[in-house]
Amino acid sequence: MARDGLFFRATGKLNERRVPAMGLVLQCIWTCLLVLPRTRLRDPLTGAPRLDIGGHELYGNLYSDLLDYVVFAVLIFYVLTIIGLFVLRRKQPNVERPYRAFGYPIVPALYIIAASIIMLVLLLYKTDTSWPGLLIVALGVPVYFLWNRRS
């Protein structure tokens, strides 16, 4: 993205060890922002920390929460990618295809349906993680257009 002008140029630069150090630092900061607020369980009504029977503070299943964030966001992009397969086949029917999609069009269509159902279930039953995941993805849309216009 940095090389395409869609993110900070510094994140795409490799250091003397051929590692994108600035990109890794920014990724670390983003990870900390995602992890730190999600570790302590709080009562949704009062905001007070939840306690176990012995009065000890409870901590959440952080991995599960982050997995829900990621799974929901990734499913959006998987579905969009498969939809892109259909769009490209319609817009460019005569283009050479070095790779054939297995079971096209039935298997990709079934995948779109199944992944959409999973996303809907996550939105309905895992609202505390799927809605913020959707919000994070949605915030990327205006950022993309602003950055793209700037470059």
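Let's start with aromatic rings: those of Phe, Tyr and Trp (its six-membered ring) count as a pair if their centres lie within 6.5 Å, and planes under 30 degrees apart are called stacked, over 60 edge-to-face, and the rest tilted. By that rule, Phe 7, Phe 8 and Trp 147 form one aromatic cluster.

Before going on, know that this is a predicted model, where local features need pLDDT of at least 70, side-chain atom pairs count only at pLDDT 80 or more, and totals for chains, interfaces and linings use all residues. Residues are numbered from 1 along each chain as its sequence is written, and side-chain values use heavy atoms, leaving out hydrogens and water.

Back to the rings. The count of aromatic pairs comes to 5. One of them is Phe 8 with Trp 147, an edge-to-face pair at 4.8 Å centre to centre, with 80 degrees between the planes. Phe 8 lies in the segment before helix H1 (21–35) and Trp 147 in helix H4 (residues 127–150), so the pair ties together parts that are 139 residues apart in sequence. Helices here are DSSP runs (H or I, at least four residues), numbered from the N terminus. Is Trp 147 buried or exposed? Buried means under 20% relative accessible area, exposed over 50%, and partly exposed in between, using a 1.4 Å probe and protein chains only. Trp 147, at 13%, is buried, while Phe 8, at 44%, is partly exposed.

Now for the greasy part. Nonpolar side chains tend to be buried together in soluble globular proteins. A nonpolar core is a set of buried Ala, Val, Leu, Ile, Met, Phe, Trp, Tyr and Cys residues joined through side-chain atoms within 4.5 Å. The largest one has 11 residues, among them Phe 72, Val 79, Ile 112 and Met 119. H2 and helix H3 (106–125) each supply at least two residues of this core. Take Val 79: leaving aside residues up to four places away in sequence, Val 79 touches Ile 112, Ala 115, Ser 116 and Met 119, where contact means heavy atoms within 4.5 Å.

Next, find Arg 89 in helix H2 (residues 62–91). What sits over the ring of Tyr 104? It's the charged end of Arg 89, 4.2 Å from the ring centre; the rule asks for NZ of Lys or CZ of Arg within 6 Å of that centre and within 35 degrees of the ring normal.

Most peptide bonds are trans. Tyr 104 and Pro 105, however, are joined by a cis peptide bond, with omega about 5 degrees. Pro 105 is in the loop between H2 and H3.
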